[in-house]
Amino acid sequence: MLPEWRSAEHLPAVAASPAPVIVSSGSAPRQLADLPKDELDTLGEEYGLEPRRFKTPQELVAAIHGRRQLIASLDRAALIDVVRWGRRPVPVNATQEQLAFEILRVKSMRFDGLSERGLIALARLRGVEIGPDEAVPVIVKRLKKTEGFWAKINRKRRAVLGSIVSGLVGESESSKEYQFLPPQEQQGQGSAGGAHVPPRDRSIKEEIEESGLFGGIAARVKKTADQYINQKLDDIESRIDRKLDEIDRRLAEWRDKEIANRLRILKITLWASVIVATCSLIYTYLKVHFGK
Amino acid sequence: MFDLDPFHFFRLTVGWVATIYATVVLVQTLWGWVDYLSGGERYMTVVRRYLVLHALRLRFKTFWGDVLICVLLCWVFVLVWMAHNAIEG
């Protein structure tokens, strides 16, 4: 059986299926505090925290607890907007926490196409303090400020690399409509929205900008291979289905022919019996009335 | 003196031989199917269920004409038999 803390909150982002209800209870931090340090660090990273910045486990636990409350307080529609903008693979019935975990993986600093409520949600998840009446350009400015100098340089470098590779590959930047993953059904079967599934429909330029040259190319190759294998598996499955249907149809035809044949034989036998019986009747009649 | 009627002799002989032959062949066939379907092979349960499924999917109206003719012929045969008994007394 899973420990209590793991059953709701510590499941991986999309693999965790049922709604982990976030309840702000006084006992939660105490349960988190019982965790080993490495597990606590991993949990903190999932919540978008940097565990090294916290001197003691108690501080990290408090930060995680704060994060949970923050996620619970966010508007779901705003989170969906961010997921659509970031083109993250999530099922349509993903929980608030799953959405937040996916959003925390988005490192993009291009906010074009993101709604205002989505921008506010993203800013709050990235730890930017914003007032209720902040204008969109101000929020964007503050978000960009949170990115460190070297992180910004690295991102720019990756973007340039992405442009070069994109130009080499000849990929056009077509923006397809965002599609949710199939809805997750029950606990333990949430792998449809696996945390390591590559994001859908992002251009190779964006992937390289976010994950680096090798990471982006590897993700693209993996995605293409997955698509190819899935397509082939679907083809094989449909071929097997067609063959089974054909076998079934032929068996039904054979059954009908066989029954019709048996009935025909039975009919011939009955006709012969009736003819012989009639002959016998005539013979008996002649013998009884004219034979003496 | 023993009065041998060739027609009745032929009729009864053919009747007995044909009936015994048909019964033996029918029992043999049925026994073969029962033996095959009661086997303990791995997929025999699937075969059994598949046969039941095919039997349930059978449509009577496909064969109703032949079945009706068979029933009528049986009825005619019984009538002829009764007429035969009535003539003989």
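pLDDT is the predictor's confidence in each residue, on a scale from 0 to 100. The model discussed here is predicted.

Q: Where in chain A is confidence lowest, and where is it highest?
A: The lowest mean belongs to helix H1 (residues 4–8) of chain A, at 40. The highest belongs to H11(A), at 91. Chain A as a whole averages a pLDDT of 77. Of its residues, 78% score at least 70.

Q: Which stretches of chain A stay under 50 in pLDDT?
A: Residues 1–27 of chain A do, and the model has 45 contacts beyond four places in sequence for them. Residues 187–200 of chain A do too, with 37 such contacts. Where pLDDT is low, the predicted coordinates should not be read in detail.

Q: What makes up the secondary structure of chain A, helices or strands?
A: Chain A has 11 helices and zero strands. From the N terminus on, its elements read α-α-α-α-α-α-α-α-α-α-α.

Q: How do you know that the span of helix H9 (residues 149–169) of chain A agrees with its number of residues?
A: The expected span is 1.5 Å times one less than the number of residues. For the 21 residues of H9(A), that gives 30 Å. The end C-alpha atoms are 30 Å apart, so the two values agree.

Q: Why are the buried residues of H9(A) said to line one face?
A: Seen down the axis of H9(A), they fall within an arc of 75°, so they line one face of the helix. These residues are Arg158(A), Gly162(A) and Ser166(A). They pack against helix H10 (204–211) and helix H11 (213–290) of chain A. The face turned away from the buried side carries exposed residues, among them Phe149(A), Trp150(A) and Lys156(A).

Q: What makes Lys37(A) count as buried or exposed?
A: Lys37(A) has 10 C-beta neighbours inside 10 Å, so Lys37(A) counts as exposed. Lys37(A) sits in helix H3 (residues 37–46) of chain A. Its C-alpha atom is separated by 9.8 Å from that of Thr56(A), 19 residues apart along the chain.

Q: Which residues touch the most other members of the largest nonpolar core?
A: They are Leu79(A), Val82(A), Val83(A), Leu99(A), Ala100(A), Ile103(A) and Ala121(A), out of 22 residues in this core. Helix H5 (76–86), helix H6 (96–105) and helix H7 (116–125) of chain A each give two or more residues. H5(A) gives the most, with six residues. Leaving aside neighbours within four places in sequence, Ala121(A) is in contact with Leu74(A), Asp75(A), Ala78(A), Leu79(A) and Val82(A). A second, separate core has eight residues, including Leu35(A), Leu43(A), Val61(A) and Ile64(A).

Q: What share of the residues in chain A is buried?
A: Buried residues make up 23% of the 292 residues in chain A.

Q: What share of the contacts in chain A with a separation of 6 or more comes from residues 24 or more positions apart?
A: Such residues account for 64% of those contacts.

Conventions. Residues numbered from 1 in each chain as written. Chains lettered and ligands numbered in written order. Predicted model: local features only at pLDDT ≥ 70, side-chain atom pairs only at ≥ 80, totals over all residues. Helix = DSSP H or I, 4+ residues; strand = E, 2+ residues; numbered from the N terminus. Buried ≥ 20, exposed ≤ 12 C-beta atoms within 10 Å, placed from the backbone. Arc of directions from axis to C-beta. Contact = placed C-beta atoms within 7 Å. Core = buried A, V, L, I, M, F, W, Y, C linked by C-beta atoms within 7 Å.
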